[in-house]
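I set out to record, entry by entry, what I looked up in one protein model. The model and its sequence are placed below for reference.

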Amino acid sequence: MWYNQNMEVKKASIYGFCEGVKYALNYVAKVKNEIDGDIFLLGNLLHNKNIMDELQKNGIKVLTKSTLEDRINSIEKGTVIFSAHGHDPKLEKLCEKKGLNFKDATCPRVIKNMQEINKAIKNKEEVFYIGIKNHEESNAALSLNKNIHFIDYQNPIIEDVNKNKVHVFNQTTLSHLALEDIYQKIQKKYPQAILHNDICHATYLRQKALDEIKEDIFYVIVLGDETSSNTKRLKEIAETKYKDKIVLLFSTLDEVKKYKFDCSKKIFLTAGASTPDSIINPIAEYLKNLN
Ligand code: SF4
């Protein structure tokens with residue numbers, strides 16, 4: 001849809017909250033309604049500061065210091081909710097040991113990925129995992145077995161392995177373009193490798209919607225947090241595909257207001273899967289009224 005007044009803003013056909021994010025937020029709200037006592041998150045439920053601030057305003061305690069184990073050990077009483085990104089199963093055991101209640105808001109798509117990885121490990125097959133270093137989802141996948149070979153998405157180096165059957169899994173929010181490049185490197189070394197392509201449907205559709213960017217677009221604006229993998233991948237893909245356009249990532253309306261736009265130009269607007277409408281809509285409104 002085109003807004004005809006002032007600055008022209010075209011929204012991507014698909015953007016913003018995915019099903020996994022909605023699931024995690026509904027899940028936390030449900031737990032909050034049903035359970036008495038303190039509720040703890042061991043870090044970000046998902047990567048959006050506004051959402052995290054809202055959760056804390058609603059009484060959810062967010063622990064951030066030190067390691068995940070230390071955070072659990074610091075809790076005397078209450079319920080731990082594991083984040084949407086997945087977690088090391090040993091953390092559940094630690095909660096049990098401490099007599100803490102725990103709940104799991106992991107996205108079903110991530111759970112499926114972890115189950116598949118476990119299956120390959122059980123069959124004693126070689127497992128590669130492509131992910132972003134220190135991202136919660138990568139850490140959760142790598143926690144499943146110490147023999148998983150990690151391929152750093154930002155600096156992909158393919159290790160030498162001995163076994164014939166090689167499985168390649170990946171974090172759900174990578175760029176489909178960059179993943180193709182990494183696959184080519186892997187296939188050169190391991191032509192028989194089984195490539196699972198675990199980019200989730202929500203991530204893929206938001207990335208494909210960037211194909212809607214036409215010639216006359218001058219600015220591509222991605223809304224979301226710098227810490228959000230899928231948001232950053234949208235920016236990365238837009239920069240790779242549209243070198244002639246100005247690609248910008250904003251997380252708040254204040255940031256947008258500080259930027260000096262040429263109002264005669266057109267904008268394409270998209271947002272990561274964890275960016276709430278409460279951020280997107282006021283920014284879209286602000287931009288279309290710029291003159
Ligand atoms: S981006 Fe994909 S994997 Fe991540 S929460 Fe959303 S649906 Fe799940």
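The entries that follow go from the domains to the ligand and then to the strands.

**Entry 1: domains.** I noted at the outset that this is a predicted model. I looked up how the protein chain is divided, and I found domain 1 (8–17 + 204–288), domain 2 (19–107) and domain 3 (109–199). I then compared the positions of two of them: the C-alpha centres of domain 1 and domain 2 lie 30 Å apart. I also looked up their contacts, in which 12 residues of domain 1 meet 8 residues of domain 2. On the side of domain 1 that touches domain 2, I recorded 4 nonpolar residues, 7 polar and 1 charged.

**Entry 2: the ligand.** I asked how many residues surround the ligand. There are 15, and the closest are C18, G20, C107, T172 and C200. Helix 1 (19–34), helix 5 (108–122) and helix 8 (201–208) are the elements that each give two or more residues to this shell. Helix 1 supplies the largest share, with 3 residues.

**Entry 3: residue K10.** I located K10 in strand 1 (residues 8–11).

**Entry 4: strands 6 and 7.** I found that strand 6 (residues 126–131) pairs with strand 7 (residues 149–152) in the parallel sense over 4 bridges. Within this pairing, F128 has H149 as its bridge partner in strand 7. Together with helix 6 (residues 136–142), the two strands make a right-handed β-α-β unit.

**Entry 5: strand 8.** I looked up the burial of strand 8 (residues 166–170): 5 of its 5 residues are buried, so the strand is largely enclosed by the rest of the structure. V166, V168 and N170 point one way, whereas H167 and F169 point the other way. Strand 8 pairs with strand 6 in the parallel sense over 5 bridges, and V168 is the partner of F128 there. Strand 8 also pairs with strand 9 (residues 194–195), again in the parallel sense, over 2 bridges. H167 stands opposite I194 in strand 9. Between these two strands the chain passes through helix 7 (residues 176–189), and this β-α-β crossover is right-handed.

Technical notes:
Residues are numbered from 1 along each chain as its sequence is written. This is a predicted model: local features need pLDDT of at least 70, side-chain atom pairs count only at pLDDT 80 or more; totals for chains, interfaces and linings use all residues. A residue is near a molecule or strand if its C-beta atom, placed from the backbone, lies within 6 Å of it. Domain bounds come from an automatic or database domain assignment. Two residues are in contact if their C-beta atoms, placed from the backbone, lie within 7 Å. Ala, Val, Leu, Ile, Met, Phe, Trp, Tyr, Cys and Pro count as nonpolar, Asp, Glu, Lys and Arg as charged, and the others, Gly among them, as polar. Two strands pair if DSSP finds at least two bridges between them. A crossover is right-handed if, with the strands pointing away from the viewer, the path from the first strand over the helix to the second runs clockwise. A residue is buried if 20 or more other C-beta atoms lie within 10 Å of its own, exposed if 12 or fewer, and partly exposed in between; C-beta atoms are placed from the backbone.
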